[in-house]
Amino acid sequence: MLSAVTDLGSIESTVSKNLPVVSIHQLGLCLSRASASVLNLNCSLILLPMCRTLLAYLRGSQKVPSRRTRRLLDKSRTFHITCGVTICIFSGVHVAAHLVNALNFSVNYSEDFVELNAARYRDEDPRKLLFTTVPGLTGVCMVVVLFLMITASTYAIRVSNYDIFWYTHNLFFVFYMLLTLHVSGGLLKYQTNLDTHPPGCISLNRTSSQNISLPEYFSEHFHEPFPEGFSKPAEFTQHKFVKICMEEPRFQANFPQTWLWISGPLCLYCAERLYRYIRSNKPVTIISVMSHPSDVMEIRMVKENFKARPGQYITLHCPSVSALENHPFTLTMCPTETKATFGVHLKIVGDWTERFRDLLLPPSSQDSEILPFIQSRNYPKLYIDGPFGSPFEESLNYEVSLCVAGGIGVTPFASILNTLLDDWKPYKLRRLYFIWVCRDIQSFRWFADLLCMLHNKFWQENRPDYVNIQLYLSQTDGIQKIIGEKYHALNSRLFIGRPRWKLLFDEIAKYNRGKTVGVFCCGPNSLSKTLHKLSNQNNSYGTRFEYNKESFS
Amino acid sequence: MGQIEWAMWANEQALASGLILITGGIVATAGRFTQWYFGAYSIVAGVFVCLLEYPRGKRKKGSTMERWGQKYMTAVVKLFGPFTRNYYVRAVLHLLLSVPAGFLLATILGTACLAIASGIYLLCPAGGCAWRAVDAHRAQAPGAA
């Protein structure tokens, strides 16, 4: 907005100097130039949150030590959407202003300054102006592309038909190419010889427009008496009140500022895409595929030079399932120094995951118990892209963390738990509250082994209060238990019904007085909203809850 | 790709085109340019398209996100029976509505956008797509774990 206001101010002052001479309407020009400035800024900024590898690097690097700065990175999607909405609004203003301009350029065609006109002759049909000039035509195409992109990006479409959103959003590249051409038309010009033809100067060889003699002109416009020493008006060439034009004005097109604005981020984004393409070109080697209850499948794989931090996610691309689709999945197990295997847990919802499961697991074994299948010869080629950062990485950097998972939302925390199982000492985390809410008792079996191993490990190391596990079964008919003798520790921490969040927050506040507790939630929106509200409330123990949010779609 | 419900996207596009038509029409009539009565037509057509497209139709699979306050328009749109139910009728209607706005510069974008929406409506498979009213009595249960 600031850029629009300053631009508006500078344009107004430039145009008003020429107002007596050039009578092309100025409000439309001002509005269109101002909105163009805003569009310049937003079109350049909107690409930056999409450089996800760069953001993941910034999140993990030592150059961003402050937690507050890292939390800004959590909001990158919201920033992108805000820029998008701003582009939408100001494009509307820009188009409306230019439509008015087109009309005025044709009606108020100025014969005195032929070069300044956008129209080629008086009363040229403004529709012809729109469609036969480079800026006009590219402008119309850009509006159509923007229309397609914006209508496909609404929340309702993203939630129901993500494909439409994804395929149309890739039109952004066409939009940027058109934008580069749009500003190259050279419509906006500045005067190159201001010293020999200053604004408001009088041209001596004007014939048709001003038929008055010079002294009359001076006496009309300048009330001061002529200073002594000057007797002839012709000697006023050097007078400081008025200047005589030495030569005709010359105009030259402005250098398109837009190229300067968008070239940086566009190059950065292209470099990032190229890097991601090269990095993801090697397929992974699938080690094992396991089927878990409640429609969940686990895949373990290796890839050379793949490093990931706990909490990050990758996207899977399987050409045998779909040539163009990429789907994000959080890593449930990260590669460590000793073990290069990493894994994901996928919930089977939708056609891509169904087809993927049918390729990896023969249909006969899908309903059976957990069984690893080693059929490496028959596995399809799988490519991964990533890892990309997420707010859950921060849970290891708080002294106390509260992690709440709803159903399959447990996956980011599974990688955290795996990391703690490996070695907990390098991290700042000293106490973890882990709350997992599920509808179905069988879902707990996805990570029951991991939880038990973690629990036992901390008991062995005499730190029983490091991890506090609470499992909740939100919908049930009666008392249920996770079947298996070794899950005794989990069964004693299993509660029926939904958690009572207020009591839980009070308890955590009481036992961690004066500390800052990081709250992380991966689950449905209603759960997220409740926790956010509770985190922002004050408590009498001086404990601060910081809510870290992940946004899906 | 085969499971994409194009009608939902066409609905969003038609709603947006209606708003563009209204805006272009206001610019044209306020500026009193030549042939400004096309601008007045554009405002009326825009309002009509917005009202027709405001209630979102029921999805084939899954829950439908209703627009705020759409149940009032749903009752009106349901009254017209097959004229509003069939998406091909809507496609033709939008195409016809968009033509007069194309004569004026201020509303020409509304024409283009409405024509695109009309084209997308034609992508629906024959007989497979129809606008069905979202049942107002069925509570929209929020997704929970």
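How many residues of domain 1 of chain A are in contact with domain 3 of chain A? I looked this up first.

Entry: I am working on a predicted model, where local features need pLDDT of at least 70, side-chain atom pairs count only at pLDDT 80 or more, and totals for chains, interfaces and linings use all residues. Residues are numbered from 1 along each chain as its sequence is written, chains are lettered from A and ligands numbered from 1 in the order written, and side-chain values use heavy atoms, without hydrogens and water.

**Entry: domains.** I noted domain 1 (19-133 + 185-193 + 251-271), domain 2 (283-361 + 380-388) and domain 3 (391-550) in chain A. These bounds come from an automatic or database domain assignment.

**Entry: domain 1 against domain 3.** I found six residues of domain 1 of chain A in contact (heavy atoms within 4.5 Å) with 11 residues of domain 3 of chain A. The buried area between them is about 730 Å², and carbon and sulfur atoms give 32% of that. Buried area here is the accessible area (1.4 Å probe) that two parts lose on being put together, summed over both. A:Arg59, A:Arg67 and A:Arg71 supply 66% of what domain 1 of chain A buries against domain 3 of chain A, more than any other three residues.

I counted four salt bridges between domain 1 of chain A and domain 3 of chain A. A salt bridge is a side-chain nitrogen of Lys or Arg within 4 Å of a carboxyl oxygen of Asp or Glu. One pairs A:Glu394 with A:Arg67, closest N and O atoms 3.7 Å apart. On the domain 1 side that touches domain 3 of chain A, helix α4 (residues 67-74) of chain A gives the largest share, four residues. Helices (H or I, at least four residues) and strands (E, at least two) are DSSP runs, numbered from the N terminus.

I also traced a salt-bridge network: A:Arg67, A:Arg70, A:Arg71, A:Glu394, A:Arg544 and A:Glu546 are linked.

**Entry: other salt bridges.** The total over all chains is 21. I picked out A:Glu399 with A:Lys515, at 3.6 Å between the closest N and O atoms. A:Glu399 sits in the loop between β8 (383-388) and β9 (400-406), A:Lys515 in the loop between α17 (501-511) and β13 (516-522), 116 residues apart.

Next I checked A:Lys486 and A:Asp449, at 2.9 Å, N to O. A:Lys486 is exposed at 56% relative accessible area, while A:Asp449 is partly exposed at 36%. The cut-offs are under 20% for buried, over 50% for exposed and partly exposed in between (1.4 Å probe, protein chains only).
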